[in-house]
Amino acid sequence: MSRAEVLDGPGGPTAAAPVAAPAPVAFARLLRSELRLVLGRRRNLVLLAGLALVPVVIGTVLLVTRDSALSGQGPAFLAQVTGNGLFLVVAALFLCLPFLLPLCIGIASGDAVAGEASAGTLRYLLVVPVPRGRLLAVKALAALTFAAAAVLAVAVTGLLVGAAFFGVHDVVLLSGSTVPVGEGVLRVAGIVAYVGLSLTGLVAVGLFFSTLTEVPVGAMAATVVVSVVSTVLDSLPQLSAIHPGLLTHHWFDFAEFLRVQVDWGVVGSGLAVQAAWVAVFGALAWARFTTADVTS
Amino acid sequence: MADTERPRRTLSPRARWAVPGVVAVAVAAAVGVPALASPGDADLPQVSAQDLLSRVAAAEPTPVQGTVVYTARLGLPELPAEMTGADPLNLLGGSSTLRLWSDGAERSRVSLLGATSEYSVVHDGAQAWTYSSTDDAVTHYTLDPADVARYQALADRAAAAPGADLPTPEAAAAQVLALAEQDADVTVDSPTTVAGRDAYQLVVSPTDDGTLVSRVVVAVDAATAQPLRVQAWSTSDGAAPSLEVGFTDVAFTAPDDSVLAFSAPAGATTEEVVVPLPETPELPDGAGPAAAPALPDGVAVAGSGWSTVVTLSDVDVAGLVGGDAASLATVPGAERVLGSEEAQDLVQQFVPSDGEGNPGRPSLDTTALYDQLTTAVPEGRLLSSTLVSVLITDDGRVLVGSVPADALRAAA
């Protein structure tokens, strides 16, 4: 694709030819060009636009049907949206989390290395005088940035559409207590941050698959399959012993932010599981990427 | 290659592949070590059952907050799949997580947690609220003004045990300890650790062979003498307790005032229920078997102790199951039995009614639930669990007992 941009850019071989460029500078240049590539890629922009469309569609449907007999039906948090636009953020994240967000994460992280390999640009990228470990770190940071952008695309449009259609009011928690708007916004921000951090494990998995193959579609599909299989395993009561360690098990614990007293132990254990997946699959991706023979 | 261009330490490929292995082992160790360390036996001085019981009886009511896990392995058939979320019916089987806050006196909050829902019971002196986030519905239980005065007088006279609709370790332990002195051996087992606290284990083993209950184990906190966990073991399942309620996380500190306060959220449907206070305000002084009130008509008791079988006659089971509140009147002694606030709450949950107090359409198809839970036998329908059996005969009798199903069928 447009890897030439990187090669000719400030981080390319011509600029860095004297090895004198200090490592942090070279790293920053590489990261900047990678971010520009990932966030500027048309496919990724379409994905972000699609995600941003979800709260718009939900909000419009709820606005149209608010006075009909169909109002108040549907999955969790949907019924609260018409009363408080802030809940559109929560409802949209709740609906995107099982499949749409993992799909976007899979596309972005599965493409990270395998996309370069399949386009034949990986070997040129490796000419940049940056160690492979750091190159992988740049790829990981770019994929994480895309994951954050994906969650923010849902959350920000959800907030704007919700506020425009339904207004922002005091938040009624799951426990029946009411908190003022300021605290409500903070709690919803906590949900957005938790959902974003919950996807880091999947990014690491996708990055590992991406180092395994030269076929980006394979890495993307495998990443999505991991999240789907994890959800399926999570629904089997016979496997309850392994549930706490599953990638997706704690995803919906974001509801903790809507309880009268947030149990930080629950939030912390959810994030700790993601950290463990990031550590294991990050190390696997590093071992694979720094030892692999790159032929394309 | 890029990383070989500089003179820097390089790992062999094999060493690089060892890194993920080391990370995986480190993660496994971080998960496994605390899990292995916790069940270690607590190092506590020995006490007799008598000492332990008196410590429990002497313990001051303490503010408490924590997480409670309730697990039922009653051997009941699987409930219909549409039952998800925080619904008290989920307590019939499987595992549920509850949060508990209590100031040790008149105010408490118990929340049954669902993945994205919550069922809360808030109790504040003479009034109580339940809030279901799934239905966005509040039920407000109050006493009428005359009863409030009586309630205050009663509360002043005796620090009544704080009741709760959802089982907490405290409530369950209080019930067991009252029964313990009769028909059972009470011993102290080796100390254990519950929710990270050292605890004594009080074991109540029924001496009666006819009952389904093999033993009831109460873990009592060594420092505060508060019950931390209650397990009921069945004779039919020696591997795991049939019923278990215990803290997984507990702190004996006063909860935040905002947690104990409740006001109905705007937009929620609110139902007001005035609960009649029982007509026996005078507490019997010499509380004992002799002071037991006479049984209402239509109730018969056979056997004694743990294998007691209670028989209710002329009950309109079909009407009750269909959600017809009027058929409640056919339950013998309903007035008296439902005199307690807790029982009234329970009936209200199973027999929904609209704002005017008229019976409404049940939210769940209770007839289907009834068919699912019971099996057909020649005498009628039988509900058989690892701890309790219920036989509903075709001629309108209901037999309940903690005895094997065959014993009930023989009694019918």
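What share of the contacts in chain B with a separation of 6 or more comes from residues 24 or more positions apart? The answer is 59%, where two residues are in contact if their C-beta atoms, placed from the backbone, lie within 7 Å.

Before you start clicking, note that this is a predicted model: local features need pLDDT of at least 70, side-chain atom pairs count only at pLDDT 80 or more, and totals for chains, interfaces and linings use all residues. Residues are numbered from 1 along each chain as its sequence is written, while chains are lettered from A and ligands numbered from 1 in the order in which they are written.

**Stop 1: chain B as a whole**

Colour chain B by secondary structure and you will find 10 helices and 18 strands. Helices (H or I, at least four residues) and strands (E, at least two) are DSSP runs, numbered from the N terminus. Of the 412 residues in this chain, 32% are buried, a label that needs 20 or more other C-beta atoms within 10 Å of a residue's own, with 12 or fewer counting as exposed and anything in between as partly exposed; the C-beta atoms are placed from the backbone.

**Stop 2: a sheet in chain B**

Now select the open sheet of six strands in chain B, with the order 13-14-18-17-16-15 and antiparallel pairing. Two strands pair if DSSP finds at least two bridges between them. At the edges stand strand 13 (299–302) and strand 15 (375–377) of chain B, each with a single partner strand, so one side of each has no neighbour in the sheet. From one strand to the next, the twist averages 20°.

Start at strand 15 of chain B, which pairs over three antiparallel bridges with strand 16 (residues 380–384) of chain B. Show B:Thr375 and you will see B:Leu382 of strand 16 opposite. Next, follow the hairpin of four residues from strand 16 to strand 17 of chain B. These two strands share five bridges, again antiparallel, and B:Leu383 stands opposite B:Val390 in strand 17.

In the four-residue hairpin between strands 17 and 18 of chain B, pick out B:Gly396, which has a positive phi of about 90°.

**Stop 3: two helices in chain A**

Move to chain A and select helix 3 (residues 42–65) and helix 5 (residues 86–96), which pack at an angle of about 120° with their axes 10 Å apart. Show A:Leu51, A:Val54, A:Pro55, A:Ile58 and A:Gly59 in helix 3 of chain A; they meet A:Leu88, A:Ala91, A:Ala92, A:Leu95 and A:Cys96 in helix 5 of chain A. Axes are lines fitted to C-alpha atoms, for helices over the stretch in contact, and angles run from 0 to 180 degrees between N-to-C directions.

**Stop 4: A:Leu199**

Select A:Leu199, in the loop between helix 9 (181–198) and helix 10 (200–212) of chain A. A:Leu199 is buried, with 26 other C-beta atoms within 10 Å. Beyond neighbours within four places in sequence, A:Leu199 is in contact with A:Leu101, A:Ile105 and A:Ala147.

**Stop 5: where the chains meet**

Finally, show both chains: 31 residues of chain A are in contact with 28 residues of chain B. On the chain A side, helix 12 (residues 264–291) gives the most, with 10 residues.
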